[in-house]
Amino acid sequence: MVGASIAALAFPVLGPVGVVAVRQWVAAVVLLCAGRPNLSSFTAAQWRPVLGLAAVFATMNLTLYAAIDRIGLGLAVTLEFLGPLAVALASSRRRIDLACALVAAAGVVVLTRPRPSTDSLGIGLALIAAVCWGCDILLNRTVGERLPGLQGSAAAAAVSGLLYLPLGAAALWLHQPTVGALLCALAAGVLSSAVPFLADLLALRRVPARFFGIFMSVNPVFAALIGMLVLDQHLGAASWLAVTVIVAANAVSVGTAAGHSKKKTDLLR
C-alpha cells in the first residue's frame, strides 16, 4: 500500500501509464534475479499460463493505478480486494462463507452506489483490477504446478515488462519526467515487488497461515488510512463503514476456514 501511495505522488508528472511501466520494469528485474528462469527450456504447456499471467500483471497494475488516480487509494484497493475474496468464497460450500459473501456484497453496494460525484469509470477500472487479481491467483496455481520455484512468475514479470517498453517509452517521452517523479516510480516498483515478495515469504515461514490471511484482510483499511495521511484522500462515513464490513467479512471467512481445516485434520489423526 505504501508503494501505491508513493506511485500516486508521481501521477501528476508521469501519469499512471508511465508509473506502471517503471514499476513493471523494476518488478521484472527483481523477479528475474530471484527466480532465474531458464526460458529456453519452457514447453508450450508451460508458456501458456506464463503468458496469461503476464497479461494479467500488465492489466491489473494499469487498471489499479488508473483507478487510484480517479477514485483514490482506499476505494480502489478495497474494490480490487474483491478479486481474491471472490476466489476464496467461490470454492467454499460453508454457510458462513455464503453469509460473508452477502455481507461483502452489501459493502460493495454502499461503495459503488450512484451519486452525483460517482466516478463510474474509476470504479469500473478497480473492478477490472479485481477480476485480474482473481485470475492472478488461479493462474499462479497453474504456473506453480508446471514450473519450479519462481521461474514462472519471473518469466511472466519479464514478458509484462517487455509489453510496457513501447507504452512506457511513449509516456516518458510525452510527460518529460522529473528526477523526483522517477525516484517515486522506482521506489514504488521496489516497494510493490521486492519488499512484498520477501515479506510474504518470511511471514509465511514464521506466522501461521490463519493469522497471515487475517492480517492480509486488513489491507483495504491500511490503504484508506495511507490515502488519507499521505495523499489527503478522505472517505465518507458510509464508505469507511463499507470498507470495514468487507474487511470483517474476509477476516471471518479466513479465520473460520483455517479453524475448520485444523479441526478436520485433528479428526483424521
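This report walks through the fold, the helices and a handful of side-chain pairings of the chain above.

The model is predicted, so local features are described at pLDDT of at least 70 and side-chain atom pairs at pLDDT 80 or more, while totals for chains, interfaces and linings use all residues. Residues are numbered from 1 along each chain as its sequence is written, and side-chain values rest on heavy atoms, with hydrogens and water left out.

## Overall fold

Let us start with the chain as a whole. Its secondary structure comes to 11 helices and zero strands. Here helices (H or I, at least four residues) and strands (E, at least two) are DSSP runs, numbered from the N terminus. Of the 269 residues in the chain, 45% are buried. For burial, the cut-offs are under 20% relative accessible area for buried, over 50% for exposed, and partly exposed in between, with a 1.4 Å probe and protein chains only. A contact means heavy atoms within 4.5 Å. Among contacts between residues at least 6 apart in sequence, 88% join residues at least 24 apart.

| Helix | Length | First to last C-alpha | Expected span |
|---|---|---|---|
| H2 | 28 residues | 40 Å | 40 Å |
| H5 | 18 residues | 26 Å | 26 Å |

H5 covers residues 95-112. Which of its residues are buried? They are Asp97, Cys100, Ala104, Gly107, Val108 and Leu111.

Just after H2 comes Gly72, which takes a positive phi of about 95°.

## Aromatic pairs

The structure holds three aromatic pairs. Rings of Phe, Tyr and Trp (its six-membered ring) pair if their centres lie within 6.5 Å; planes under 30 degrees apart count as stacked, over 60 as edge-to-face and the rest as tilted. One of the pairs is formed by Phe11 and Tyr65, which is tilted at 5.9 Å centre to centre with 55° between the planes. Phe11 belongs to helix H1 (residues 2-35) and Tyr65 to helix H2 (residues 44-71), so this pair ties together parts that are 54 residues apart in sequence. Both Phe11 and Tyr65 are buried.

Phe42 and Trp47 form another of the pairs: the ring centres are 5.1 Å apart and the planes stand at 55°, so the pair is tilted. Phe42 is buried, at a relative accessible area of 9%, whereas Trp47 is partly exposed, at 24%.

## Charged side chains

Side chains of opposite charge can pair when their charged atoms come close. A salt bridge is a side-chain nitrogen of Lys or Arg within 4 Å of a carboxyl oxygen of Asp or Glu. By this rule, the count is one salt bridge. Asp119 and Arg70 make a salt bridge, at 3.1 Å from N to O. Asp119 sits in the loop between H5 and H6 and Arg70 in helix H2, so the pair ties together parts that are 49 residues apart in sequence. Arg70 is partly exposed, with a relative accessible area of 43%.

Leaving aside neighbours within four places in sequence, Asp136 is in contact with Leu53, Val56 and Phe57.

Leu31, in helix H1, is buried at 15% relative accessibility. The C-alpha atoms of Leu31 and Ala156 are separated by 9.3 Å, although these residues are 125 residues apart along the chain. Not counting residues up to four places away in sequence, Leu31 touches Arg36, Ser153, Ala154 and Ala157.

Arg36 itself is found in the loop between H1 and H2. Its phi is near 45°, a positive value in a residue other than glycine, and Arg36 is exposed at 70% relative accessibility. Gln176, in the loop between helix H7 (151-175) and helix H8 (179-206), has a positive phi of about 50° although it is not a glycine. Gln176 is exposed, with a relative accessible area of 64%.

Methods:
Expected span 1.5 Å × (residues − 1).
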